[in-house]
Amino acid sequence: MVKSAPVLTALVIAYPFVNHLGATFAAPALGLLWLGLLLLASFWLGSRSPVFLALALTSLAAAVLGQFQGNADLFARVPPVMICFSLAWVFGRTLLPGRTALIILVGQRARGELAEPVARYGYRLTVVWTSFFVLMGLECVLLGLFASPLWWSVFTNFVNYLLIGLLFVVEYPIRLIILRGYEHAPFLVSVRESLRLDLR
């Protein structure tokens with residue numbers, strides 16, 4: 001039996017490349033089809049979430065309708081916007097009164113109860129990630145409205161992911177400075193822990 005994690009990881013990694021090929025060769029429906037298959041795989045291989053199924057069917061329908069109606073390029077520019085604002089919502093909703101900031105939850109799951117300065121830093125870092133994804137969502141909107149297919153694809157499929165990685169890299173030494181005196185996990189371990197988000 002094929003394990004779900006490697007399959008989903010491969011589909012996720014391949015998505016921006018497939019999407020870029022579709023934009024480059026005037027076949028934007030290709031990216032929508034791949035996204036639909038990715039979401040279907042996520043549904044069948046573990047999540048069983050009706051949200052994933054609905055999004056998968058929507059992506060596949062958009063690919064088919066867009067191809068026949070000639071507006072697949074317009075439909076293809078929607079997913080990056082939705083992804084960014086969805087991630088902003090995942091982080092931002094935990095900043096509401098009565099909730100625990102997402103980065104604090106990640107830290108508590110890895111290390112138990114956090115010291116007050118560490119928890120305060122976790123709250124502020126959650127604000128940073130929320131703001132980051134809001135700004136990136138706005139960038140995707142502007143690119144979708146005004147950029148050529150090539151430049152839209154370069155930014156949404158590659159540059160934005162590099163910016164996410166850059167934020168991880170820049171944040172780590174800042175954390176070491178602000179929270180000096182506290183024990184810190186190695187960088188790669190810290191990244192792995194951060195990616196284990198509780199999305200409930």
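Guide: From the N terminus on, the elements of the protein chain run α-α-α-α-α-α-α-α-α. This is a predicted model, in which local features need pLDDT of at least 70 and side-chain atom pairs count only at pLDDT 80 or more, while totals for chains, interfaces and linings use all residues. Residues are numbered from 1 along each chain as its sequence is written, and side-chain values use heavy atoms, with hydrogens and water left out.

Visitor: How many helices and strands does the secondary structure come to?

Guide: There are nine helices and zero strands. Both are DSSP runs numbered from the N terminus, where a helix is H or I over at least four residues and a strand is E over at least two. The C-alpha atoms fill a box of roughly 60 × 40 × 30 Å along the principal axes.

Visitor: What share of the 200 residues counts as buried?

Guide: That share is 38%. Buried stands for under 20% relative accessible area, exposed for over 50%, and partly exposed for the range in between, with a 1.4 Å probe and protein chains only.

Visitor: Let's go to helix 6. Why does Val106 count as buried?

Guide: Val106 lies in helix 6 and has a relative accessibility of 9%; that is under the 20% limit, so Val106 counts as buried. Between Val106 and Gly66 there are 40 residues of sequence separation and 40 Å of space, C-alpha to C-alpha.

Visitor: And why is Ile104 called buried?

Guide: Ile104, also found in helix 6, has a relative accessible area of 10%, which again is under 20%, so Ile104 is buried. The buried residues of this helix are Leu102, Ile103, Ile104, Val106 and Gly107.

Visitor: Which residues is Ile104 in contact with, leaving aside its neighbours within four places in sequence?

Guide: They are Leu114, Ala119, Gly122 and Tyr123, where contact means heavy atoms within 4.5 Å. Thr94 is ten residues from Ile104 along the chain, and their C-alpha atoms are separated by 9.7 Å.

Visitor: What makes helix 6 oblique to helix 7?

Guide: Two packed helices are described by the angle between their axes and the distance between the axes. Here helix 6 (residues 102–111) and helix 7 (residues 116–146) pack at about 130°, with axes 7 Å apart. That value makes helix 6 oblique to helix 7, because under 35 degrees is roughly parallel, over 145 roughly antiparallel, 65 to 115 roughly perpendicular, and the rest oblique. The axes are lines fitted to C-alpha atoms, for helices over the stretch in contact, and angles run from 0 to 180 degrees between N-to-C directions.

Visitor: Which residues of helix 6 and helix 7 meet?

Guide: Leu102, Ile103 and Ile104 of helix 6 meet Ala119, Gly122, Tyr123, Leu125, Thr126 and Trp129 of helix 7. The residues of this contact divide into seven nonpolar, two polar and no charged. In that scheme Ala, Val, Leu, Ile, Met, Phe, Trp, Tyr, Cys and Pro are nonpolar, Asp, Glu, Lys and Arg are charged, and the others, Gly among them, are polar.

Visitor: Which element supplies the largest share of the lining of the second largest pocket?

Guide: Helix 6 does, with five residues, while helix 6, helix 7 and helix 9 (187–195) each supply at least two. The lining has 21 residues, and Gly107, Arg111, Leu114, Val118 and Arg175 lie nearest the pocket's centre. By class, the lining divides into eleven nonpolar, five polar and five charged residues.

Visitor: Now the loops. Why does Ala26 count as exposed?

Guide: Ala26 has 67% relative accessibility, over the 50% limit, so Ala26 counts as exposed. Its place is in the loop between helix 1 (4–24) and helix 2 (29–47). Ala26 also has a positive phi of about 55° although it is not a glycine. Gly112, which follows helix 6, has a positive phi near 85°.

Visitor: How do you know that Pro186 counts as exposed?

Guide: Its relative accessibility is 53%, which is over 50%, so Pro186 counts as exposed. Pro186 is found in the loop between helix 8 (149–178) and helix 9. The C-alpha atoms of Pro186 and Tyr172, 14 residues apart along the chain, are separated by 9.4 Å.

Note on methods: On a 1 Å grid over the protein atoms alone, a cavity is a set of points where a 1.4 Å probe fits but cannot get out, and a pocket is an open set with protein on both sides within 12 Å along at least five of seven lines; lining residues have an atom within 4 Å of a point.
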